[in-house]
Amino acid sequence: MLQIIIYILFCLSVLLSAYSLSLVHGFPYGSQKVRGVNLGGWLVLEPWITPSIFDNTGDSRIIDEWTFGQYQDHDKALATLTHHWDTWITESDFADIAAAGLNHVRLPIGYWAFDISRGEPYIQGQFPYLYKAVQWAQNHNLKIIIDLHGAPGSQNGFDNSGQKKPFPEWHTNSDNIERTNAVIQRLASEFKDMTGTVPVIAPLNEPAGFYGDGFLSITKQYWYDSYGHIRYPYGSDQASNTVIMIHDSFMPVGYWNGFMNPHGFEGVILDTHIYQIFSTPLVTDALRRQENQMTEQQHIEAACSKGNSLATEDIWVVVGEWTPAANDCAKYLNGRGVGARYDGSYPGSTYVGSCDGLTGQARSFREGFKDFLRRYWEAQVITYEKGQGWIQWTWKTENADEWSYQAGLENGWIPHDPTDLIHRDIC
């Protein structure tokens, strides 16, 4: 009997080894660090990234992409968005990203680019730009992570999910989940043979796991379903080489130990987002105030403290969103028409300090603040590369340069080679 068990285990190990060898990822994950940037605010609107698009409507009810279509004439809204899609990101941006020594671009897109069959007021037209982005990435030897940033019903209630609402409803309706699965099936099928440029699909951004076990249970099942759709898009047992990137759902990365581990699942990345500005909606305002009251050195020390948890996971971990910004001063960062906790303009907040010189155009930043941005940026890069790497949020903004990778390059707090560090011992 013992010999039979040993033989079975040996056969299983051979099968698993053969399975692993059968997948050839479009990037050497596990041996080379991910260094990238998000293209926020392009195919999914965010009021704080492009406030002029919202302000120019003259309608204070327009606070997200849902209301952008709901409260405007369709043709007018489409014309505005088409101009935005044509100009906000172009091939020259991809050239600049590649020239900055980066290897990945994470590209958010909403479900409404594919499906508004339930009468949603969204304006469509994004999908051709996704294909343009893939071509531009290929031209400049960049890898694209396609990130489904918004799902039917909203997976978190944030404005960047497409529809800001008091409580997410994605998980409360099986139709919402089925429609989301259908989008992932389409993306997996469209790009299954393009893994040299599109090596990763992220099936849902920031599902709100802080709402409890019921939400997390549905999310986990959705991750399993997405794995099946992405791994087997050919309608047979033929496996694709596409990697699946699952978000941590605002749980500590250690929560996911053992989930989709490499012994049973091939090609899975855990995406975690690290900000020292926001807390999840269910934490106290006191904690949010505490984050905004931290000194520059405390922010750096907090960043450095994340290294061990990123290095010890049993699956690949990439920090898919983070920023050198250390406060919530950027206009509309907390929502259109909503103020900042830092300067006390957010309802119920307590004044910490003036936002003057901490947000806006870099020409208003003092040299000491730029020096902090450089040190904080390097502390995070060093720390996140103890995991599998990082993707900064975001490439460009209209008027929040402290968040902008592009502005950081132009103004000296981000090096033109991300390995050219001057504070190597900062952690």
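Buried here means under 20% relative accessible area, exposed over 50%, and partly exposed in between, with a 1.4 Å probe and protein chains only. The model is predicted, so I note that local features need pLDDT of at least 70, side-chain atom pairs count only at pLDDT 80 or more, and totals for chains, interfaces and linings use all residues. Residues are numbered from 1 along each chain as its sequence is written, and side-chain values use heavy atoms, with hydrogens and water left out.

**Entry: salt bridges around Arg106**

I looked up the bond between the two. Asp271 and Arg106 form a salt bridge, with the closest N and O atoms 3.8 Å apart. The pair links distant parts of the chain, as Asp271 sits in strand S6 (residues 268-273) and Arg106 in strand S2, 165 residues apart. For the term, I took a side-chain nitrogen of Lys or Arg within 4 Å of a carboxyl oxygen of Asp or Glu. Strands (E, at least two residues) and helices (H or I, at least four) are DSSP runs numbered from the N terminus.

Which other residue did I find in a salt bridge with Arg106? Asp147 is a partner, its closest N and O atoms being 3.3 Å apart. Asp147 lies in strand S3 (residues 143-150) and Arg106 in strand S2 (residues 104-110), so this pair ties together parts 41 residues apart in sequence. Asp147 counts as buried at 0% relative accessibility. Arg106 has 0% as well and counts as buried.

I then searched the whole structure and got 18 salt bridges.

**Entry: a pair within H12**

Arg375 and Asp371 meet in a salt bridge, 2.9 Å from N to O. Both are in helix H12 (residues 367-384); they are 4 residues apart, so about one helical turn separates them. Is each end buried or partly exposed? Arg375 counts as buried at 18% relative accessibility. Asp371 counts as partly exposed at 36%. I also logged a network: salt bridges that share partners join Arg106, Asp147, Asp271 and Glu321.

**Entry: H7 against H8**

Helix H7 (residues 174-190) packs with helix H8 (residues 213-231) at about 30°, axes 9 Å apart. Axes are lines fitted to C-alpha atoms, for helices over the stretch in contact, and angles run from 0 to 180 degrees between N-to-C directions. H7 and H8 are therefore roughly parallel, a label for angles under 35 degrees. I listed the contact residues (heavy atoms within 4.5 Å). On H7 they include Ile177, Thr180 and Ile184. On H8 they include Ile218, Tyr222 and Asp225.

**Entry: Cys355**

Cys355 lies in the loop between strand S7 (316-321) and H12. Cys355 counts as buried at 10% relative accessibility. Leaving out residues up to four places away in sequence, Cys355 touches Cys329, Ala340, Tyr342 and Asp343.

**Entry: Thr394**

I found Thr394 in the loop between strand S8 (389-392) and helix H13 (405-411). Thr394 is buried, with a relative accessible area of 0%. Residues up to four places away not counted, its contacts include Val37, Trp48 and Trp403.

Definitions and conventions:
Angles under 35 degrees count as roughly parallel, over 145 as roughly antiparallel, 65 to 115 as roughly perpendicular and the rest as oblique.
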